[in-house]
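Have the structure open as you read.

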Amino acid sequence: MFRSNKGLSSLASLAGSVRVDVTNIGQARWRSLKDENSKVDIKAWVDGVSMDSGALEQIRACSQLPVVFKHIAVMPDVHYGKAATVGTVIPTQNAIIPAAVGVDIGCGMIAAETSLTANDLPDSLVELRTNIEMLVPHGRTHNGKKGLDVGGWRGNPTDRVMQVWKNDLKPGFDRLVSRYPRLAYTNNDNHLGTLGTGNHFLEVHLDEHDKVWLMLHSGSRGVGNAIGFSFIELAKQDMGKHLSNLPDQDLAYIREGSDYFDDYVEGVGWAQHYAKMNRMIMMENMIEALRRTKGIPPFKAVGKAINCHHNYVEKERHFGKDVWVTRKGAVRAGEGELGIIPGSMGTDCYIVRGKGNADSFCSCSHGAGREMSRVQARRTFSIQEHMAATEGIECRKDKDVLDETPMAYKPIAAVIDAQSDLIDIVARLKQIVCVKG
């Protein structure tokens with residue numbers, strides 16, 4: 001196993017003057033990780049889970065920014081990320097940090113319970129997996145070129161995709177293109193209703209009562225990526241000579257009233273809506289894949305699907321102030337709100353209900369969190385080990401998914417336990433089919 005990530009028992013030696021005492025306030029589980037350079041506190045729900053030194057350095061750099069409000073909340077799935085730390089909640093006053101929101105704007109989850117039970121499913125799930133793969137484009141080829149990439153509609157989106165695009169998304173997109181013409185050349189309608197690659201997935205689950213659930217993970221695809229990268233660079237330009245004063249140039253922020261702030265708020269809001277619609281269309285197609293599978297009886301969805309972002313920014317009210325809350329790999333967990341915390345492709349996933357914890361800015365983790373990098377996972381694990389870890393699951397078992405093997409992630413049970421003051425468990429699910437990009 002990967003040994004360079006260090007648990008909290010060794011954080012003090014790793015990070016010098018870091019305080020690691022668990023707070024004694026009520027039932028709170030957070031630890032303070034601020035250092036002498038932090039302008040705000042860092043409250044981390046990481047008891048019993050690993051945290052790498054790179055993530056800690058990133059978070060402490062962010063805590064030095066003058067626009068951060070009150071404190072930064074760190075979730076138990078925290079790990080080092082490109083430009084900003086995954087598993088953090090960053091509230092800011094009168095400004096937003098585009099790199100903290102990231103480039104997979106609106107990435108998140110959707111889950112739907114069905115009226116089916118395990119007994120309604122065929123013995124072999126190969127056909128079900130094949131149907132899902134046929135109806136939901138996934139993966140990436142030809143460098144993502146429109147019309148050729150298997151991960152898009154190859155220039156021929158379905159009628160349902162075009163209906164959603166024209167009615168819900170195109171008017172806002174046209175306004176953005178009028179100011180940022182390069183966005184017109186992105187995979188926009190061509191990616192709507194498609195999965196992507198990496199840790200994005202389409203899954204069929206059973207809960208503790210053998211009820212069948214459908215679940216997927218994806219975001220705003222190519223067009224959201226283009227919007228994110230554009231404004232990360234514009235934020236750096238906007239800061240100009242002040243950029244050199246930042247602990248990390250990727251932490252460049254856009255202030256309210258500046259040239260690009262309103263455009264960014266509009267762009268990121270549009271991309272978040274795109275991501276939500278993207279997941280909705282894929283869920284519709286997963287339901288259709290289930291219906292097409294031989295031997296499965298008629299069924300219906302039970303209740304309303306849970307559709308939640310975990311890479312996004314919204315204006316919210318906390319501690320008596322209206323602030324911009326960026327959740328970078330975190331889910332909103334207001335009191336009574338439902339959320340989804342997936343494990344990995346071979347472990348449990350959870351439907352949770354938020355407790356509205358103020359110190360977390362009403363947030364919880366977005367998953368298990370990586371315990372090792374993709375490169376390290378490929379070097380560490382064999383196909384045989386991956387096959388053993390995913391035994392009983394209809395999924396890919398080849399070398400190209402070794403970076404997503406369950407052992408590359410933190411133990412989901414420990415991650416859930418570390419945030420017991422943030423959430424209650426509603427349902428525990430286990431996947432039986434998993435489609436990766």
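Predicted model: local features only at pLDDT ≥ 70, side-chain atom pairs only at ≥ 80, totals over all residues.

Residues are numbered from 1 along each chain as its sequence is written, and side-chain values use heavy atoms, with hydrogens and water left out.

**The cores**

In soluble globular proteins, nonpolar side chains tend to be buried together. A nonpolar core here is a set of buried Ala, Val, Leu, Ile, Met, Phe, Trp, Tyr and Cys residues joined through side-chain atoms within 4.5 Å. Buried means under 20% relative accessible area, exposed means over 50%, and partly exposed is in between (1.4 Å probe, protein chains only).

The largest nonpolar core has 106 residues, and the members touching the most others are Leu 65, Leu 192, Met 215, Ile 227, Trp 270 and Ile 351. There's also a second, separate core of 26 residues, which includes Leu 116, Ile 132, Ala 289 and Leu 290.

Contact means heavy atoms within 4.5 Å. Skipping neighbours within four places in sequence, Leu 192 is in contact with Trp 153, Val 161, Val 164, Trp 165, Leu 169, Tyr 274, Met 277, Asn 278 and Ile 281.

Helices (H or I, at least four residues) and strands (E, at least two) are DSSP runs, numbered from the N terminus. Two packed helices are described by the angle between their axes and the distance between the axes. Axes are lines fitted to C-alpha atoms, for helices over the stretch in contact, and angles run from 0 to 180 degrees between N-to-C directions.

| Pair | Angle | Axis distance |
|---|---|---|
| α6 and α7 | about 160 degrees | 10 Å |
| α5 and α7 | about 165 degrees | 11 Å |
| α4 and α7 | about 140 degrees | 8 Å |

As for handedness, a crossing is left-handed if the near helix is turned anticlockwise from the far one by less than a right angle, and right-handed if clockwise. α6 passes α7 in a left-handed crossing. The crossing of α5 and α7 is left-handed, while that of α4 and α7 is right-handed.

Now for who touches whom. In the contact of α4 with α7, α4 brings Glu 127, Leu 128, Asn 131, Ile 132 and Leu 135, while α7 brings Asn 285, Met 286, Glu 288, Ala 289, Leu 290 and Arg 292. For residue classes, Ala, Val, Leu, Ile, Met, Phe, Trp, Tyr, Cys and Pro count as nonpolar, Asp, Glu, Lys and Arg as charged, and the others, Gly among them, as polar. On that basis, the α4 contact with α7 has 6 nonpolar, 2 polar and 3 charged residues.

**Single residues worth a click**

Phe 201 sits in strand β9 (residues 201–207). Phe 201 counts as buried because its relative accessibility is 6%. Its C-alpha lies 6.7 Å from that of Gly 437, although 236 residues separate Phe 201 and Gly 437 in sequence. Beyond four places in sequence, the contacts of Phe 201 include Met 109, Met 215, Pro 342 and Cys 434.

Helix α5 (residues 159–179) holds Asp 174, which is partly exposed at 37% relative accessibility.

Finally, the backbone. Most residues other than glycine have a negative phi, and most peptide bonds are trans. Lys 70 is not a glycine, yet its phi is positive at about 65 degrees. Lys 70 lies in the loop between α2 (53–62) and β5 (71–79) and is partly exposed, at 47% relative accessible area. Asn 143, also not a glycine, has a positive phi of about 55 degrees. Asn 143 lies in the loop between α4 (126–135) and α5 and is exposed, at 69% relative accessible area.
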